[in-house]
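Dear colleague,

I am handing over the structure we spoke about, and below it you will find my notes on what turned up when I went through it. Please read them with the model open beside you.

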Amino acid sequence: MNLPRLLAASLLSTAVTLGTALLPGAASAAPLKPLTVLTNHTFIGKYAPLFVGVAQGYYKAAGFDVKILPTAGSGVVISTVDSGQADYGVADVSPVVQAIAKGARVKGAFVYMNKSAVALASLQPFPTLESMRGKKIAAAQADSARVAFPVVLGRNHLAQLPFKWVAADPNVYFSLLLSGQVDLISSSLDGDVPALEKIASARGKKVYAFSFYDWGYDIYGLWLIGNDQKLQADPQAAARFAQATRQAMEYAIEHPDDAARIMVQANPILNLDTIETQWRATVAAMGANPAQGGHYGLASKPRLQSTTDIVGTALSLDTNRLKPADVFDAAMIEP
C-alpha cells in the first residue's frame, strides 16, 4: 500500500462524489461512517487536534462522523481497539509494542507525537534514578508509565531498582501527591505537569518533572493505533482518516489559541487557559514543527526498528521477529 496513492485515490473519489452531487436530481450524499476515537487519558490539551478535526469539518469531509471518548490509560485503549470496540485510539508506544509482541491485533496508524512526553512528577528533587529507590509512584493499572519506567530502568542498568507502584485513578494523582501519600506520580510534560504546577504554586510548592526521554527513552511518543484487520480491510478509509488528522494537527499547531477554544467549546467543564497551556506544551515537546515538510504522521523504518529494539530489550520481549510493518501500518511508513 502506498499512502500518497491512497490519498490521491481518496481525493479523486471525493471529487467525483461532489461533482455528481451537483448534477440535477443527483442522490443525496452518502452517510458519514461513524468512528470512535479513544484518548489514553481524561481530556487534556494534547488532544485538541482531534476536536479541531471534528469542529473544522476535516473528518466530515473525509467521510467520517467522529466520536472522541476518554479512557484511563494506553492499556485500555489497546485492548478496546484490539477487540474492535473502537476504531482508533491514542496510545503510548511502549505498551503498543509490548501488546503486539504478545499477539494483539493492533498497529500504529499515525504518528501523533514523534517524541515521548511521558514523565514522573514530584514535589521534591530526585537528582538520579537511583535516588528513587523505595519510593511510591502512583499510576493506574493501564498507565503507560508501568511499561515505560521499567524500560528507562533497563536502559540505565537499574532493572532491579526497588520501588512501589500505587494503583490509582488518574483523576486522583494530584491529590495523592499533594497530600504526601505518594512520592511521585505518572505524568506527561505536556498535560499533567503544567496543570500540576498551577495548583502547587498556589500552595507555595514547586513541581519537579523527570522526562523519560532525557533518561534515554528515545522512542516514538504517541501513536494513533487501529485494529490491524480493519486497516487492511479498508486502506482508503485509513488514508482519509490520516489525511484529516494531519490537517487538524497542522491547524492546531498554527492556531493554538483557537485549537484550545474549540476543545473547550466541545467540553465546557474544561478550563481554557489550562487547555491552551497544555497544548502549547505539547507542541514544544514535539521539538521542530512536525507540520512542516508534508510528512507528519508517517513513521520511518529505522526509528520503528530502534523503538522495537529498545522496548523489546528492556522488557525481555521476543521482538526479534517483529518488523516495522508488524507494528505500524505499512501505508504510513516512509518509503
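Helix α5, which spans residues 93-101, is mostly covered, with 9 of its 9 residues buried. The buried residues of α5 are V93, S94, P95, V96, V97, Q98, A99, I100 and A101, and the helix is followed by G103, whose phi is positive, near 110 degrees. Please keep in mind throughout that this is a predicted model, and that every value I quote is computed from it.

The structure holds 2 cavities of 30 Å³ or more, and the largest cavity has a volume of about 210 Å³. That cavity is lined by 20 residues, of which N40, H41, D92, D143 and S144 are the closest to its centre. Strand β8 (residues 184-188) contributes the largest share of this lining, namely 3 residues, and by class the lining of the largest cavity is made up of 8 nonpolar, 7 polar and 5 charged residues.

As for the open sites, the second largest pocket has a volume of about 340 Å³; among the 18 residues that line this pocket, T42, I44, F174, A195 and Q278 are the closest to its centre. Three helices, α7 (173-178), α8 (192-202) and α12 (272-286), each supply at least two residues of the lining of the second largest pocket, with α8 giving the most, at 4 residues. By class, the lining of the second largest pocket has 9 nonpolar, 7 polar and 2 charged residues.

Finally, the aromatic side chains. A search of the whole structure finds 15 aromatic pairs, and one of them is formed by Y59 and F241, which are stacked, with 5.4 Å from centre to centre and 15 degrees between the planes. Since Y59 lies in helix α3 (residues 58-61) and F241 in helix α10 (residues 235-254), the pair ties together parts that are 182 residues apart in sequence. Both Y59 and F241 are buried.

Elsewhere, F126, F149, F163, W165, F210, F212, W215 and Y217 form one aromatic cluster. There are also charged groups placed over aromatic rings: the charged end of K115 sits over the ring of Y213, 4.5 Å from its centre, while the charged end of R303 sits over the ring of Y220, 4.7 Å from its centre.

With best regards

Key
Residues are numbered from 1 along each chain as its sequence is written. This is a predicted model: local features need pLDDT of at least 70, side-chain atom pairs count only at pLDDT 80 or more; totals for chains, interfaces and linings use all residues. Side-chain values use heavy atoms; hydrogens and water are left out. Rings of Phe, Tyr and Trp (its six-membered ring) pair if their centres lie within 6.5 Å; planes under 30 degrees apart count as stacked, over 60 as edge-to-face and the rest as tilted. Buried means under 20% relative accessible area, exposed over 50%, partly exposed in between (1.4 Å probe, protein chains only). A charge sits over a ring if NZ of Lys or CZ of Arg is within 6 Å of the ring centre and within 35 degrees of the ring normal. On a 1 Å grid over the protein atoms alone, a cavity is a set of points where a 1.4 Å probe fits but cannot get out, and a pocket is an open set with protein on both sides within 12 Å along at least five of seven lines; lining residues have an atom within 4 Å of a point. Grid points are joined across faces, edges and corners, and a volume is the space filled by probe spheres set on the points. Ala, Val, Leu, Ile, Met, Phe, Trp, Tyr, Cys and Pro count as nonpolar, Asp, Glu, Lys and Arg as charged, and the others, Gly among them, as polar.
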